[in-house]
Amino acid sequence: MLSDQDSGPVARTEYGEVRGRIEGAVSVWKGIPYGASTGGPNRYRRPRPATPWDGVRDCLTFGDIAPQSAGFVPVDSGLVMGEDCLWVNVWAPTASADEPRPVMVWIHGGAFCLGTAAQAIYDGRRLAETGDVIVVAVNYRLGALGFLDLSALGAEFTPNLGLHDQIAALHWVRDNIANFGGDPDQVTLFGESSGAGCVTALLTSPLSAGLFQQAIAQSPPATTVFGPERAAGVAKRFLDLLELPPERAADLLDMPIERIVSAAGVLLDEVPTREPGRLAAAPVVDGDLLPAYPSERFQQGRSHRMPLIIGTNKDEASLFRLFRSPIMPVTPDAVNAMLRGVAAEHPGLSPERIAEIASAYEVSTPRGALTMSTDAAFRMPSHWVADAHSAHSPTWVYRFDHATPMLKAARVGAGHATELPYVFGNFGSFDYDPSFWLGGRKAAQDVSGRTMRRWLAFARYGVPAAIDGSKHWPPYSATDRKTLVIDNVDRVEVDPDHDRNSVWGDQIVGFY
């Protein structure tokens, strides 16, 4: 149980006691281990239990962030990379409660290869304080160490290690969160971008059954999941970059981590540049954690029975244009190359069908290319998941349209990830936040308040009702496709992107 000591709140975990600190009305623990170091012999293994400790462990600073090459995800320069990177942060209200509190477990995004639970935007304090909930943020393996399937190279290599890490963290939550005041039977798993892609994957995994009861997927690339054949090709290219023959693949186990990160950085840029729309690292169908493509499992009605919120931002692709990132195709040439690749891998899509889709977007124009990229990567995958999941479980769909005047002027609009400060309530903490250089802070805070209340109501009651007179958000069904459009004034629209939905049809098109 939680105890207060003069030097900070102390909680017991299965590996030992941990001390946090009080920040306002919330107790915070940073860098609590849920697994052993993934270095040395554990590098390409499933997560192992953490090493127990004696006495009280100070959990006042973030642990090592997962090894990664520099990218457009903002990471504090004070953070240290290392392979001892399996840890969680916990935010818990300090006030006593008559009953255990709902738990929200966050999976960060970053194209499966970037980011960390230590990013300031993911500080869970305001969410915990506003909703009287426990917030847990998970750090996990990324890129070549977490989402590059090297199992074709030998039995020493396990696929989907990033997902295995997340499952281990959910086991830690189940077994320990009661000691922080949380209810292990009321867990909402939520994430954004590749983190949301992990959420949709885990919604179809037998290994995650019973570990969470509700899910929120913000901009999930739900169809970015590889088959074993493609994964084996990427693994071979990774060895080529390291100048390793296949018979020496085991050298990866004790190779300096800097060399692995360097080669991964080349690979992670090379694949989407050569094959627009694709990533180098992603979850893979392994017959175990993911028995089949998650999109197929959804359509077969085999996703876990639980309430789901899923949605995307109106202008997802604009951020990738701004940062000139190769992760998403944002030019007419790149989008056309993506369409040719899609046609080659989906024999059921005739050239006429591809041409029909392309013409609906006017992909020869920059704006049309951006819209096509947004839909192919995020919106249509979310649409297909919602259609399938809503057939058996309560589902709510949103489209986040709000943008500050500055973001509109910069032609970013409601770009990818721009909803994050609204969900966590954190933009107010940055006095010089450039997104407010042209004003709009009051409207943004109003939107954030409503969004947080909806997410928090969902975590507590399983229904995203903002109990404050906000617009009623009706459940989604494939027949009416009612969608909450989040903006200065929320509104509900019936199938708001009907024309683009109909041109794609019901056949799932994935980046396999």
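Contact here means heavy atoms within 4.5 Å. This is a predicted model, in which local features need pLDDT of at least 70 and side-chain atom pairs count only at pLDDT 80 or more, while totals for chains, interfaces and linings use all residues. Residues are numbered from 1 along each chain as its sequence is written, and side-chain values use heavy atoms, with hydrogens and water left out. Helices (H or I, at least four residues) and strands (E, at least two) are DSSP runs numbered from the N terminus.

**Helix α10**

- Helix α10 covers residues 351-361, and its residues Ile354, Ile357, Ala358 and Tyr361 are buried (under 20% relative accessible area, with exposed over 50% and partly exposed in between, for a 1.4 Å probe and protein chains only).
- Seen down the axis of α10, the buried residues fall within an arc of 95°, so they line one face of the helix; the arc is taken from the directions from the helix axis to the C-beta atoms.
- Glu352 and Ser359, on the other side of α10, are exposed.
- The cover over the buried residues of α10 includes α9 (332-345), α11 (366-389) and α15 (498-504).
- Glu362 follows α10 and has a positive phi, near 50°.

**Helix α5**

- Helix α5 (residues 228-241) has 14 residues, which at 1.5 Å a residue should span 20 Å, and its end C-alpha atoms are 20 Å apart, which agrees; the expected span is 1.5 Å times one less than the number of residues.
- Arg230, Ala231, Val234, Ala235, Phe238 and Leu239 of α5 are buried.
- Among the elements that cover these buried residues of α5 are α2 and α6.
- Just after α5, Glu243 takes a positive phi of about 55°.

**Second largest pocket**

- Pockets and cavities are found on a 1 Å grid over the protein atoms alone: a cavity is a set of points where a 1.4 Å probe fits but cannot get out, a pocket is an open set with protein on both sides within 12 Å along at least five of seven lines, and lining residues have an atom within 4 Å of a point.
- The second largest pocket has a volume of about 480 Å³, where grid points are joined across faces, edges and corners and a volume is the space filled by probe spheres set on the points.
- Its lining has 19 residues, and Lys314, Asp315, Arg367, Leu370 and Thr371 are the closest to its centre.
- α8 (318-322), α11 and α12 (405-409) each supply at least two residues of this pocket's lining, and α11 gives the most, with six residues.
- By class, the lining of the second largest pocket has five nonpolar, four polar and ten charged residues; Ala, Val, Leu, Ile, Met, Phe, Trp, Tyr, Cys and Pro count as nonpolar, Asp, Glu, Lys and Arg as charged, and the others, Gly among them, as polar.

**Cavities**

- There are five cavities of 30 Å³ or more.
- The largest cavity has a volume of about 170 Å³.
- Of the 17 residues lining the largest cavity, Arg379, His383, Val397, Thr483 and Asp497 are the closest to its centre.
- α11 provides the largest share of the lining of the largest cavity, four residues, and this lining divides into six nonpolar, six polar and five charged residues.
- The second largest cavity holds about 80 Å³ of space.
- Its lining has nine nonpolar, four polar and no charged residues, and α6 (257-274) gives the most, with five residues.
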